[in-house]
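Please read it alongside the sequence and the coordinates.

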Amino acid sequence: MKWFALRYIFQIISGDGNYASQFDEQLRLIQAKDAQEALNKGEGQSENFHRPFRNCKGELVKWEFICIADLYEIEAPGDGSEIASVLHEPEDMAIFLDELKRREAFLHQSISIKNPN
């Protein structure tokens with residue numbers, strides 16, 4: 001069996017849908033004998049990832065499966081395995097790096113809040 005990383009695209013629909021469109025991209029791992037089986041398996045599992053729920057306004061919120069946008073064969077997952085890579089070409093490198101530093105700080109802060117030692 002081989003490992004595959006699949007990029008799923010879902011549209012989030014809430015209530016009557018009268019709001020700015022939201023799409024959720026997810027990277028998920030699938031184990032299969034080949035790419036075709038991984039794609040079939042991934043599409044078959046897509047409906048079971050998110051259960052509809054009612055938000056604080058009582059509106060039904062659901063994730064509508066759009067497609068699997070990418071499928072990559074990867075090495076067997078292990079400590080430090082790469083499962084995705086994204087190339088960025090920012091127009092303003094300083095703003096891009098500043099945003100990364102904010103994300104890093106938020107990550108460290110949220111981990112320390114969850115594990116106050």
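What is the order of the strands in the open sheet? The points below begin with that matter.

1. Basis of the remarks. The model is predicted, so local features are taken at pLDDT of at least 70 and side-chain atom pairs count only at pLDDT 80 or more, whereas totals for chains, interfaces and linings use all residues. Residues are numbered from 1 along each chain as its sequence is written, and side-chain values use heavy atoms, with hydrogens and water left out.

2. Sheet order. The four strands of the open sheet follow the order β2-β1-β4-β3, and their pairing is antiparallel. Because β2 and β3 each have a single partner strand, they stand at the edges, and one side of each lacks a neighbour in the sheet. Helices (H or I, at least four residues) and strands (E, at least two) are DSSP runs, numbered from the N terminus; two strands pair if DSSP finds at least two bridges between them.

3. Strand pairing. Antiparallel β1 and β4 are joined by twelve bridges; Ile13, for instance, has Lys62 in β4 as its bridge partner. Strand β3 (residues 53–54) is joined to β4 by two bridges, again antiparallel, and Phe53 is the bridge partner of Val61 in β4. The hairpin of β3 and β4 has five residues between the strands, and Gly58 takes a positive phi near 80° there.

4. Nonpolar core. The largest nonpolar core has nine residues: Phe4, Leu6, Tyr8, Phe10, Ile30, Ala32, Ala38, Phe65 and Ile68. Two or more of these residues come from each of β1 (2–14), β2 (22–32) and β4 (60–74), with β1 giving the largest share, four residues. Such a core is a set of buried Ala, Val, Leu, Ile, Met, Phe, Trp, Tyr and Cys residues joined through side-chain atoms within 4.5 Å. Buried means under 20% relative accessible area, exposed over 50%, and partly exposed in between (1.4 Å probe, protein chains only).

5. Surroundings of Phe10. Apart from neighbours within four places in sequence, the contacts of Phe10 (heavy atoms within 4.5 Å) include Phe23, Phe49, Trp63, Phe65 and Ile66.

6. Six salt bridges are present, each a side-chain nitrogen of Lys or Arg within 4 Å of a carboxyl oxygen of Asp or Glu. One of them joins the side chains of Arg7 and Asp70 (2.6 Å, N to O). This pair links distant parts of the chain, with Arg7 in strand β1 and Asp70 in strand β4, 63 residues apart. Arg7 is partly exposed at a relative accessible area of 23%, and Asp70 is partly exposed at 22%.

7. Which residues are linked in a network of salt bridges? They are Asp98, Glu99, Arg102 and Arg103. Asp98 and Arg102 meet at 2.5 Å, N to O; they lie four residues apart in helix α2 (residues 93–114), a separation of about one helical turn. Arg103 pairs with Glu99, the closest N and O atoms being 3.4 Å apart, and these two are likewise four residues apart in helix α2. Asp98 is partly exposed at 40% relative accessibility, as are Arg102 at 46% and Glu99 at 30%, whereas Arg103 is exposed at 54%.
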